Amino acid sequence: MTWKHEDLRRETKQRGISSSSMGTSADFVRSNCTNPSSSINVGYFIAEVLMAFLAVFGNVFICFVVARNKKLRTATNYLLVSLAVADILVGAVAIPCALLTDIGLPWCSYYLCVLMLCTLLVLTQASIFGMFTIAVERYIAILRPFRYSVLVTPRNTGLAIAVAWALAVAIGLVPLMGWREAQIAEGGCFFNSVIDESYMVYFNFLGCTLLPLLAMFVIYSKIFFEVKRQIRRIAERHIGISAEEKRRKIICQELQTAMSLFIVLFCFTLSWIPIHILHCIKLYCPHCNVTTSVMLTMVILSHFNSVINPIIYVFRIKSFWEAFKEASSCIPYPALFGKYSNTNLTVMIKAESFRNQNNALPGL
């Protein structure tokens, strides 16, 4: 996403050009096929290419680990794979689209431009709804453990994933259906000259991003309070030491699982809220000066979320950490590390393993 040439749209409106006279698609094609108007920001380009590579590589690894190990084919991990697929598409599709729109491409097709920008919105919503399904699954696992096997079946999990993606596509394609800026015969394919700010603020942010995020924070707060209550109840009960310790370990492991997924949610919030705040500024204060460098930094931050997710999985979920150690032991390192052999490097990695990593419990 980029805000370049927002002034062009505003100046066009100030000249008295109404929506009915802003030019047809043919005008858009003729103007933009012959008038490229923006150069590549090298720093932004390099940062985005790096983000794309890391996002695809890390999330493909997560999908590969789940596909390879039958023990990991659980409801929670299927939901994580769905989220990882969204992050892969961010790296493989959304970031290239963002780079194209940064220089105003495509110049020759208005509706292709709208579709490309809608793709960015679809993948963002897919991540949000993916995290929401994970939060609900964890809520059931911890607050309704005896109903978990009935409610969280493979069929219901697949249905939840399908519904999440369908909603993401429906919401992201709204601009293609008409809620967008009028066509301008003089501008390229820039995000803010095509996507309406009222859609981004009222519908995309407040309705389809902020509300689900608030709901997820409420869900996780209930999970944490329930875990605390159960631990306190166990401490007050006079039962066998072995049974008490077993139950305490299960609850603590559940807490670690919930905490890991809450960190994913928290990182998503930190990554995406700033760029939505900029959209609010553009809508409510159209004459406020927000520099291009700040805008592009917020775009990079939002894409960085797709990079950080697999890192959280590896360092917080034991099954993924074990898969990472196994994969690292198969890579030849002498050329890079000199005196360190594969065996020594594996020992070094094991030494850094977190003691609080959780085993797979209900759904993991």
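## Aromatic pairs

The structure, which is a predicted model, holds 15 aromatic pairs. One of them is formed by Trp179 and Tyr199, whose rings sit edge-to-face, with 5.5 Å from centre to centre and 75° between the planes. This pair links distant parts of the chain, since Trp179 belongs to the loop between α7 (154–172) and α8 (191–194), while Tyr199 belongs to helix α9 (residues 197–236), 20 residues away.

Phe224 is part of helix α9 and Phe262 is part of helix α10 (residues 241–284), so the pair ties together parts of the chain that are 38 residues apart in sequence. Both residues also belong to a cluster, in which ring pairs link Phe217, Tyr220, Phe224, Phe262 and Phe266.

## The overall make-up

What does the secondary structure of the protein come to? There are 14 helices and zero strands, and from the N terminus on, the elements run α-α-α-α-α-α-α-α-α-α-α-α-α-α.

Of the 364 residues in the protein, 49% are buried.

## Helix α3 and its two partners

Helix α3 (residues 42–68) and helix α11 (residues 292–316) have axes that come within 9 Å and cross at roughly 25°. Because angles under 35 degrees count as roughly parallel, α3 is described as roughly parallel to α11, and the crossing of these two helices is left-handed. On the α3 side, the residues that meet α11 include Tyr44, Met51, Leu54, Phe61 and Ile62, and on the α11 side, the residues that meet α3 include Leu296, Ile300, Phe304, Pro310 and Tyr313. By class, the residues of this contact divide into 15 nonpolar, four polar and one charged.

The axes of α3 and α4 likewise come within 9 Å, and they cross at roughly 160°. Because angles over 145 degrees count as roughly antiparallel, α3 is roughly antiparallel to α4, and the crossing of α3 and α4 is left-handed. The contact of α3 with α4 has 19 nonpolar, three polar and three charged residues.

## Helix α5 against helix α7

α5 and α7 pack with their axes 8 Å apart and at an angle of about 145°, and α5 passes α7 in a right-handed crossing. Among the residues of α5 that meet α7 are Cys118, Leu121, Phe129 and Thr133, while among those of α7 that meet α5 are Ala160, Ala164, Trp165 and Ile171. Sorted by class, the contact of α5 with α7 has 13 nonpolar, three polar and no charged residues.

Thr133, which is found in helix α5 (residues 110–143), deserves a separate look. Is Thr133 buried or exposed? Its relative accessibility is 16%, and because buried means under 20%, Thr133 counts as buried. Leaving aside its neighbours within four places in sequence, Thr133 is in contact with Leu79, Ala160 and Ala164.

## A cis peptide bond and a buried tyrosine

Most peptide bonds are trans. Leu105 and Pro106, however, are joined by a cis peptide bond, with omega at about -5°. Pro106 has its place in the loop between α4 (75–102) and α5.

Tyr148 lies in helix α6 (residues 148–151), and because its relative accessibility is 11%, under the 20% cut-off, Tyr148 counts as buried. Tyr148 and Glu137 are eleven residues apart along the chain, and their C-alpha atoms are separated by 8.5 Å.

Methods
Residues numbered from 1 in each chain as written. Predicted model: local features only at pLDDT ≥ 70, side-chain atom pairs only at ≥ 80, totals over all residues. Heavy atoms only, no water. Axes fitted to C-alpha atoms, helices over the stretch in contact; angles between N-to-C directions. Helix = DSSP H or I, 4+ residues; strand = E, 2+ residues; numbered from the N terminus. Parallel < 35°, antiparallel > 145°, perpendicular 65-115°, else oblique. Left-handed = near helix turned anticlockwise from the far one by under 90°. Contact = heavy atoms within 4.5 Å. Nonpolar A, V, L, I, M, F, W, Y, C, P; charged D, E, K, R; others polar. Phe/Tyr/Trp six-rings, centres within 6.5 Å; stacked < 30°, edge-to-face > 60°. Buried < 20%, exposed > 50% of the residue type's maximum accessible area, 1.4 Å probe, protein only.
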